[in-house]
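Dear colleague,

Please find below the structure for your review.

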Amino acid sequence: MRMRPTLRWTPDADLPPGTTDLAPVADALGSGGVLVLSGAGISTESGIPDYRGEGGSLSRHTPMTYQDFTGSAQARRRYWARSHLGWRTFRRALPNAGHRAVAGFGRQGLLSGVITQNVDGLHQAAGSADVVELHGGLDRVVCLGCGALGPRGELARRLEEANAGFEPVAAGINPDGDADLTDDQVGDFQVVPCTLCGGVLKPDVVFFGENVPPGRVEHCRSLVREASSLLVLGSSLTVMSGLRFVRQAADAGKPVLIVNRDPTRGDRHAVTRVALPLGPALTTLAGRLGVPVDGSVLVAQPGRQ
């Protein structure tokens, strides 16, 4: 399952537009056994932009690919300079009403699981348990030489020490934590190696052009098989890594429900698409179902320090 960076698709012209009726979603949640599949759109209200929505980052930014990262020391220098700056924004981001509502649904036993395509850790920070990070998490780094995992916070401290005074002003921050910097701003940014073997460090995320680990894919497939319905939140479903679970659910006769303001590549497989902002929509659903949404719940994530 290899991710592609610029995949385009044309919305189906023969499908009805999105609705504002949340009743089908409320009914599904009320019945329990709902598997959530979330995308970048659920984090926009936390200040993290998405890829393809209005003003999405793909209009100005091509994400790093696995091939570029592993094949070029200069590409790694550029990536780590931009990601080091972007991490400062990511680690300050807080869960929004949408994340808190999903955590509330989970605490009430309405969900069978959560799969997220996001790498920001905000579902976990909101209190959701057993979240499957389909594309990994920015709060960890992995060595491509020895396979050692480490916390992103520790790497951030090492990069700070190696690049004292590195304070460029970014034009923007992208969903993958990559800040928009020019080559001049990157300059001679110093990349640090693995402390165990001296190897190349990479964020523990699935880059475009890289395969999602097969075991993780199979785990997600098993969650789809066990679920009563699939609820997609804030994903355009443009890349196959998420779309295939929608197709799997639909092929198995399980209802697929989508809450996303814009059309998605999975609309043809859905029983409804609700075109509403996620935070207000999920808060409304929580109110209808009598699910407490505790805005004070915030679970510390060690790698974000």
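**The sheet and its helices**

Leu 231 stands opposite Leu 257, a residue of S8. Please note that the model is a predicted one. The strands concerned are S7 (residues 229-233) and S8 (residues 256-259), which pair in the parallel sense over four bridges. Helix H9 (residues 240-251) packs on the sheet and touches S1, S7 and S8; the direction of H9 makes about 150 degrees with that of S7.

Six strands make up this open sheet, in the order S3-S2-S1-S7-S8-S9, and their pairing is parallel. The edges are taken by strand S3 (131-133) and strand S9 (272-274); each has a single partner strand, so one side of each is left without a neighbour in the sheet. From one strand to the next, the twist averages 20 degrees.

A further helix, H8 (residues 214-226), lies across strand S1 (34-38), strand S2 (111-116) and S3. Helix H8 runs at about 140 degrees to S3.

**The second largest pocket**

The second largest pocket has a volume of about 200 Å³. It is lined by 13 residues, of which Val 141, Gly 150, Arg 158, Thr 195 and Leu 201 are the closest to its centre. Strand S4 (136-143), strand S5 (149-151) and helix H6 (152-162) are the elements that give two or more residues to this lining. Sorted by class, the lining of the second largest pocket consists of nine nonpolar, two polar and two charged residues.

Yours sincerely

Technical notes:
Residues are numbered from 1 along each chain as its sequence is written. This is a predicted model: local features need pLDDT of at least 70, side-chain atom pairs count only at pLDDT 80 or more; totals for chains, interfaces and linings use all residues. Side-chain values use heavy atoms; hydrogens and water are left out. On a 1 Å grid over the protein atoms alone, a cavity is a set of points where a 1.4 Å probe fits but cannot get out, and a pocket is an open set with protein on both sides within 12 Å along at least five of seven lines; lining residues have an atom within 4 Å of a point. Grid points are joined across faces, edges and corners, and a volume is the space filled by probe spheres set on the points. Ala, Val, Leu, Ile, Met, Phe, Trp, Tyr, Cys and Pro count as nonpolar, Asp, Glu, Lys and Arg as charged, and the others, Gly among them, as polar. Two strands pair if DSSP finds at least two bridges between them. Axes are lines fitted to C-alpha atoms, for helices over the stretch in contact, and angles run from 0 to 180 degrees between N-to-C directions. Contact means heavy atoms within 4.5 Å.
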